Structure formats: structure tokens, C-alpha cells
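I opened this notebook to record what I looked up, one topic per entry. The sequence and the structure come first, and the entries follow.

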Amino acid sequence: MTVLSRRGFFLTCGGCALAASAGPLLPRRALAGATPRAFPARFWKKLEGKRIECGLCPKRCKVEDRERGFCGVRENRDGEYLTLVWGQPCAVHVDPIEKKPFFHFRPGSQAFSIATAGCNLECKCCQNWDISQAKPEDVDFSYMPPDEVVRGAKQYDACVTFTYSEPIVFLEYCIDTAKAARKAGVRSTMVTGGSGEAEPMKEALKYLDGIKVDLKGFTEDYYQRMCKGKLEPVKKTLEVIAKSGVWLELVHLCVPGQNDGEPEIRSMCRWVKEHLGRDVPLHFTRFHPEYQMKNVPPTPNATLIRCREIGHAEGLRFVYTGNVPGLAGEDTSCPSCGKVVVARRGFELEGMHVKNGRCEYCGYTMPGVWS
Amino acid sequence: MGLGALAAGGCGSSCAGSRARPTAQTTIVAPKTEAARVAPPVGKPRVVVVRTCKALTSGYDADRGALRAMLEAGLLALSGEKDAVRALGRYVRASERVGMKINGLAARNAATHVELVDELSALLAKLGVEPRRQIAFDRFKRDLIASKFALAPRGDGYQCIGNDEAGHEDELAQMPSSASRLSRVLTRQVDGVINLPILKQHSLSGMTGALKNNFGCIHNPNKMHLDNCDPYIAEVNAIPAIRDKQRLVVMDALRPVVENGPSYQPGSAEVANALLFATDPVAVDTVALGILEDLRKQRNLPPLDQVDMRPTYLSTASKLGLGVSDRNGIEVVSLEV
């Protein structure tokens, strides 16, 4: 039995299959309230006394002895910084890769998805708040070192995906797992808010094959008011990723009345095209009332459709809608001949006409990772 | 027990301040009529500052007799009662389960004194709150251990529980700026809470006192330290379960951390030999801030607002109706025992 967060088990249909069949993978399980193991953290420096400064993300928390940073999963013990989540995921599932969503990364494949507790943001609309806003002790977790994760991914012919909460806060675990995965011929992907410092992100990018970044808004006000974060560091991270050559896709969750204004969407699309390139897929996804925003209705379909139109009008070539199965905007069309080369409905593939990375109809080389 | 009797139980005759007596700025609490004893003055919240010269024996260890005297004197002055047990009965009922929210984060050298909690527990028992209905709690059981609180009840002793053991509610308490899951000790295991913070300078919020101590009632205080913890401290204290269950504050200012806080470092604490009593958490923090600033001044340290550590959350808490942050609007009673 894999260890799942209380609500997390239902996050995926793949989870049931894994739970039923992953006998050999059985990790040792610890219930909420158990004390997590502590491992040396990287990316930090000592300050005066026993104080330390975390260098993992732009918050650069200055952490007192016996205290933790904003993420809640890294702790100062007697002047040494430790991670309390290395090798201790609280959610383990096998998902369709489209759920991340990755639309240009091995469509139709599986993602062996893991998450630990913790996040370096606090988004008012977080869908996974029960693990992202938790400390390690607040959730059930298991001991699953990198080689065990890789073994699980191979069993499902899946890539490893660090997701659900915020992989940046368990970056040491991500890096070590992605290293082990590469050695074993397994690919690794990350789903992140992108609020990380350049040095650790560059270290992770050496071993990653794909990244999906939530570009949550395009104003500092939105990031500060809604996420307890900042936009500028995310933009810097995106530029670092774009330069690295690692496959990048973007998601913008459209929260009604908060980040779905036409000027903001247009400005975001322009920036993406100018700084990241016109071939970076951009997914406009539907918001569902959660966490601190249960009183806000879901995003109207018309908003998603309009955002997609703006993306296209600004010159982006792969703009999608998401979280609304059946709504126009899930298919991938060839920019050259205009034909649908990947047909989708929700997370299901209904047609695949990209072969060896090329459009089957006209031979155009499709941006992405296709094999 | 009257005020005079308390003095004998405290410092004894060798101490110059051996009699509970007012200092120069004192407003004396000397109820002469039954009505006066029942109702403290309406209007200004009262904060009682009790000092002694011998609260600490060596290092961080405290003298239980001295603390008992301070505790009783403080309760009498705060309530207007003539008897310490009856005074405590003004804030908790004999039939209730009582939580004692301590602060053990910085371990023994800068935690709420276990001797103080032991004495409070004994007084609660005299009131009729058996030790099994008394719970000292904080965020982590390891902090309780490090602060010398015994996790397993000692004989007829009170319980000590970490929120990591008891867990937090699944339902979120919503605030304008955040959301939190509340400690199950707070929500399920106690009817009323006596808040027992320790006074410390804090590098982010400016100071740790009664209001900030309630970060130990939620699951995610790590999310609440941005912007000098403002408005987070105030909003957490406005959560109904926290606001309504808190009956009394007894602040441990025997040896506050005055610099490089909130963790303890050698030389960062200063002996103040004081306990503060109040029902208004904003008022007691406001008075405590004055004590902290005085101690810092003695060390030639700058005022907190000059080093970007002004506890702005006090005025925010006041705006939320949690208490009074204007020093002129607070009645301060100073006693020595």
C-alpha cells in the first residue's frame, strides 16, 4: 500500500491502480504525528550565532535555532540546516502525464508522481493545501529513497514527476532522485511554482527532462496578495529554464476576478513569447473553489476560451484550455499544416499523429519530447 | 490569603521588598467593599506587574516559593479578590478542563518556567480542577521535553501534550490573510486556556508575548512570519476558539531574552524577576514591550522600531477589538513581593 495523504488518494485515478498492484514497492509507512527523519540540507549559509539563511528560494528565510523556514520542512538544529522530507513522500501516485499537465512531453505516458509536505508559497486557491500547507508531522508519510522511486517508475514505464505540493522545498530529494533516474534511463519532470533561487534551480535542471511552471498571475500584487510570493523571481526562474533547454510548459490558473483580466493575460502572453519563445505551451485552466477561496465560483468557460484567443493573437503557437474536459482547446494542432496531431479529451488521448517528433501529415518538427 | 501574608511566603525578611507594596507609579488594588472586589474598574484593562528580588535561584532555575507568592499576589491584584483560589476562580471554573499554553520553543533557557506552571497547577487543584483536567501544551512534544516538562503525568501531575501528538483539526479556521488548522488540544481537550508566554525579543515580530504565543495553537505558524508577523498575529488571536477560550495571561518575564531572539544564546537574556497578569492580551503585551525596551536600553541597544522590529501587530490587534494597545489606556499595577 502506498502512502497517500488523506484526501490525496482521490487526486488521481491512477492511485487506485498503484495501491492495488504495487506490492513490491511497499514503503514503510508513518502516520501523521510521527517524527520525520532529518537529513542535511543543501543551499544555505551560516549567519551569526546559530542563525542560518536558507538559499533555496527568494524568501531567503533567516532561521533561528530550533525553528523552521516558511516552507515548514527545513529546520535549524544547533546551527545546522536539515531537511525533514528527504525520501519521505506523503503522496505517491501514478498519473497520466496529461494531468500535470504536460501536452508535449511523451503524450499518453504515465507519471510516477511523488510529493512531500510543504510549500514556499501559500496560494489562497491551492487545490492540495492539505499537504502543501502542512508540516511533515501533519501528514502520513513513507520512507522511499531515490532508488525505490526509480524502481516504481520503471515498473510503470513512467517518468518520475515531482508534483502536488512544491518540489523546490524538497529539492535535495528531487535532485538525488532525478540523478538516480537518469542513471537508470528513466526521465524526470517537475511541476513547480517556479519560486526558486537560480543556483539550486540550475543544479536541478541538470537532471530534469521537463518542467511545468505555474505562472500564477502576472502582477506583483497578485503574487503578494494571493500567494505570499513575488512574481519577479518566477520570471527569472522561467528564463533560467528556457536557457537550459529543459522542456518547459506553463499553466495559468484563471481565478475569476483576480488574475483573468484581459490586460494582464495579454501582457503575460507577450512576455512569454518574448522571453521564453512562441513554442512554449501555455495552459489556461479552470479554477475550482478550494482552501481560502471556497466562496468564488469556478472559472467560466468563456474566460478560458477568451484567454486562449488572446494567447494565439499574441503569437503563441500552443495555447490550451484545461480542467474542462470536452471544451475546445485540448488538442494540439500542427503549426505548419493546421491539422490536429494530438487529439485529447481530458487526460485521455483520442488520436496521436506525431511520429518521431514530426507531424504525420506534413513532416513538421513538433516542439516537445515525443519519445 | 491577603497581600501581607503573600510577602512572607515569598522573599522573606532578608529582602528589602519583602512586603507586597506599591511602587511609585502604582495604582493600588485595595478593594474595600464587596462590590469593588467583584468587579475590577470598568474601562481601562488592568495589567499587574509583580516583581521580586529572588525569583531565580541559579541560572534559569526558579524558586517555587517565590513564584507562588508572585502568582498569588498577581491574581489578587488583578481580580480584586482577597483569596488566591477565589481569584483564580474568577477566570476558570472548578468543573472545567484547563489548558496552559506554554512557550517551550527555545528550550529550558528561554521557555516558560516549569516551576511557574507547577505552582499554577497546584493552585488550580486547590480550586477543584484536578490535575487530570489540566493540560500544559505547545507545538512539539520535543519542546516540552527540552523545557523540562514531563510528558507522562507525574503521579497526580498535570498532563503535557505536544500538538504534534494530539494533531490538528481537519477543518480550516479562515482568516482574512491566511487559514489554519487548530490544535485539537485547544478545540477538544480544554474548556478554557491560561496563556503562559515568555517575554522575548523576536527578530521578525519584534517581540514574543501573549499574542504571539498563540501561534502555538495553529498548525502553520511558519506561514505567519512575513511583514513583521502583521497582521497574522492579530488575525490568529481573533479566531473565535482562541479568543474566546483564553481567560487569563500570566507572562513569564523572569529572565526575558532581550537581544538576538527569539532563540536563546548565552548572554541574550536579562534578569527582570517579573510576572505580568492580565485578561487583555494586547494590554499585557503593550506593557511587556515597555519592559523589554527598558531592558534593551540598559544594554545600550536601540529601540525596536529603529531596527525594523516594531511590533506593529499590537495596534492591528487593537483594531480587531482584541484589546488595548495605547499605553495611556491601560491601568498598570506594580507590586513587589
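**Entry 1. Terms and numbering.** I took helices (H or I, at least four residues) and strands (E, at least two) as DSSP runs, numbered from the N terminus. The model is predicted: local features need pLDDT of at least 70, side-chain atom pairs count only at pLDDT 80 or more, and totals for chains, interfaces and linings use all residues. Residues are numbered from 1 along each chain as its sequence is written, while chains are lettered from A and ligands numbered from 1 in the order in which they are written.

**Entry 2. Backbone in chain B.** I looked up Asp227(B), which is not a glycine but has a positive phi of about 50°. Asp227(B) lies in the loop between α9 and α10 of chain B. Pro231(B) is in the loop between α9 (210–213) and α10 (232–237) of chain B. The peptide bond that joins Asp230(B) and Pro231(B) is cis, with omega about 15°.

**Entry 3. Backbone in chain A.** I noted a cis peptide bond from Lys100(A) to Pro101(A), with omega near -5°. Pro101(A) sits in the loop between β8 and β9 (110–115) of chain A.

**Entry 4. Domains of chain A.** I found chain A divided into domain 1 (1–168), domain 2 (215–330) and domain 3 (332–371); such bounds come from an automatic or database domain assignment. The centres of domain 1 and domain 2 of chain A, taken over C-alpha atoms, are 24 Å apart. I then checked contacts, where two residues count if their C-beta atoms, placed from the backbone, lie within 7 Å. In chain A, 14 residues of domain 1 are in contact with 23 residues of domain 2. The side of domain 1 of chain A that touches domain 2 of chain A has ten nonpolar, two polar and two charged residues. For these classes, Ala, Val, Leu, Ile, Met, Phe, Trp, Tyr, Cys and Pro count as nonpolar, Asp, Glu, Lys and Arg as charged, and the others, Gly among them, as polar.

**Entry 5. Chain A against chain B.** I read 21 residues from chain A and 20 residues from chain B in the contact. On the side of chain B that touches chain A, the elements that give two or more residues are α7 (163–166) and β6 (168–174) of chain B. By class, that side of chain B has six nonpolar, eleven polar and three charged residues.

**Entry 6. Three-stranded sheet.** I followed an open sheet of three strands in chain A, in the order β3-β4-β5, with antiparallel pairing. Two strands pair if DSSP finds at least two bridges between them. β3 (44–46) and β5 (62–63) of chain A are the edge strands, each pairing on one side only. β3(A) and strand β4 (residues 52–54) of chain A run antiparallel and are joined by three bridges. Lys46(A) has Ile52(A) in β4(A) as its bridge partner.

**Entry 7. Eight-stranded sheet.** Which strands form the open sheet of eight strands in chain A? I read the order as β8-β9-β11-β12-β13-β14-β15-β16 (chain A), and the pairing is mixed. β8 (91–96) and β16 (319–322) of chain A are at the edges with a single partner strand each, so one side of each has no neighbour in the sheet. On average, neighbouring strands of this sheet are turned by 25° against each other, direction ignored. Strand β15 (residues 282–286) of chain A runs parallel to β16(A), with four bridges between them. Opposite Phe284(A) stands Thr321(A) in β16(A). α9(A) packs on the sheet and touches β14 (247–254), β15 and β16 of chain A, and its direction makes about 170° with that of β16(A). Axes here are lines fitted to C-alpha atoms, for helices over the stretch in contact, and angles run from 0 to 180 degrees between N-to-C directions.

**Entry 8. Helices α8 and α9 of chain A.** I found that the axes of helix α8 (residues 262–276) and helix α9 (residues 301–313) of chain A come within 9 Å and cross at roughly 40°. α8(A) and α9(A) are therefore oblique to each other; angles under 35 degrees count as roughly parallel, over 145 as roughly antiparallel, 65 to 115 as roughly perpendicular and the rest as oblique. Glu262(A), Ile265(A), Arg266(A) and Cys269(A) of α8(A) make the contact with Cys307(A), Ile310(A) and Gly311(A) of α9(A). These contact residues divide into four nonpolar, one polar and two charged.
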